[in-house]
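Open the model in your viewer and get ready to select side chains.

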Amino acid sequence: MDSAFLKCFPNASSLLIGGNLLRSKYSTKNIYFTKHRRKTQQYNFWRVQQPTLNHYYKCIEGGSTNKECNKKYVVKATPRPSSNFEPHAFDPKNIFDSVKYFLTAFYKLSIPQAIFTRTLSTISASLLAVEKLSDISPLFFIGVLQAMILFLFVDIYVTSVNQLFDIEIDKINKPYLPLASGEISFTTGVIVAASCLTLSLCFGWIIGSWPLIWGLLFCLFLWTAYSINVPMLRWKKDPLLAAMCMFVTWAFIFPISFFFHMQTFVFKKPAIFPRSLIFNIVFVSIFFVGMALCKDIPDIEGDKTFGIYSLPARIGPKRVFWICVSLFEMAFGVALLVGATSSSSLWIKIVTGLGHSVLASLLWYKAKSVDLRCNDSIASFYLFIWKLLSVEYFFIPLIR
């Protein structure tokens, strides 16, 4: 690259270019314009060249005439590899942070409180098939583990598909969810849903338990129809169909599939329909009608915006809320009555009686403190209901 020489005169009008001296007369206005243009050109020069070239400067002091400072600047631009293209060192900490970030978002995507309660329902229904202490063997735990892993994939598929088709609604109702907030991209959400769907089908086929396979297929059908936005589906738009999906899944599919998986596939016993399973179905049926209605109360604003008119949107959140509370109290009342009359053991009567009385009292106390104008208060109550149901699954195997 040829050398370029610039000579600066603060109060003169001479310019040295490539060793040839050019002199001209300028007015004050022209001097200002030239200096301004020179600064602009120098600025643009540095702006373009600085990111990609490393420069070496050589300053040659010149003589002084009429108190002028004459300097020659020799600019040699030698191209060197830019720092932008330097390979980055392997940083395990960055990879660890990325994995941690994704796992946190994935945890929120899976709705952990529902998975935890469903896991307890698996254990509770499996215990209904236990007739004597010797039945609790390694074979029993393998059977429970099979059902838990299979339906874990189902749970994640269901929550993923629902959030994939509700991104715009969740931006209003639940902006903290990972797909609505952008923590997980739409493409990643599709990959997660498709992977869990495939794994659930493959794992169900490998296990070979027909009660689990039928339960799996019914769950996949119901919750796909509930979520996807295609003609004749998107059942969540209809209050009755939306409540039916939740009611049928928790009251019938889960307990029946898990019980008969243990009874017929694991223990190789004949299929029966015991009184304890009937109680499980009745209690959860009443409870989940309330759950299905309660979950829509904090979502009224977003549901109305996108044309989903749930029961709370139709008749008001207050009326629906107290209908839900009445259903929950009714379920605990039925459990209290059945526990007191069906069991021959006094200690079981005492434990179930006191336990359900405490649960019903806690529910009423919590319901009285809910502020229906505050979605956070309603959401807190809804989470509290899941906790009460989780405790109930410890009592259900005792009532036989």
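Select K366 and F384. The charged end of K366 sits over the ring of F384, at 5.9 Å from the ring centre. Keep in mind that this is a predicted model.

Now select F265 and K268. Here K268 lies over the face of F265, 4.9 Å from the centre of the ring.

Next come rings paired with rings. How many aromatic pairs does the count come to? The count is 28 aromatic pairs. One of them is F102 with F106, a stacked pair. Their centres are 6.1 Å apart, and the angle between the planes is 25°. That angle is under 30 degrees, so the pair counts as stacked.

Colour helix 2, residues 92-109. Both F102 and F106 lie in this helix, 4 residues apart, about one turn.

Move on to F254 and F258. Their ring centres lie 5.6 Å apart with the planes at 15°, so this pair is stacked. Colour helix 9, residues 239-266, to find both. F254 and F258 are 4 residues apart, about one turn of the helix. F254 is buried, with a relative accessible area of 5%. F258 is buried too, at 0%.

F254 and F258 belong to one aromatic cluster.

Note on methods. Residues numbered from 1 in each chain as written. Predicted model: local features only at pLDDT ≥ 70, side-chain atom pairs only at ≥ 80, totals over all residues. Heavy atoms only, no water. Phe/Tyr/Trp six-rings, centres within 6.5 Å; stacked < 30°, edge-to-face > 60°. Helix = DSSP H or I, 4+ residues; strand = E, 2+ residues; numbered from the N terminus. Buried < 20%, exposed > 50% of the residue type's maximum accessible area, 1.4 Å probe, protein only. Lys NZ or Arg CZ within 6 Å of the ring centre and 35° of its normal.
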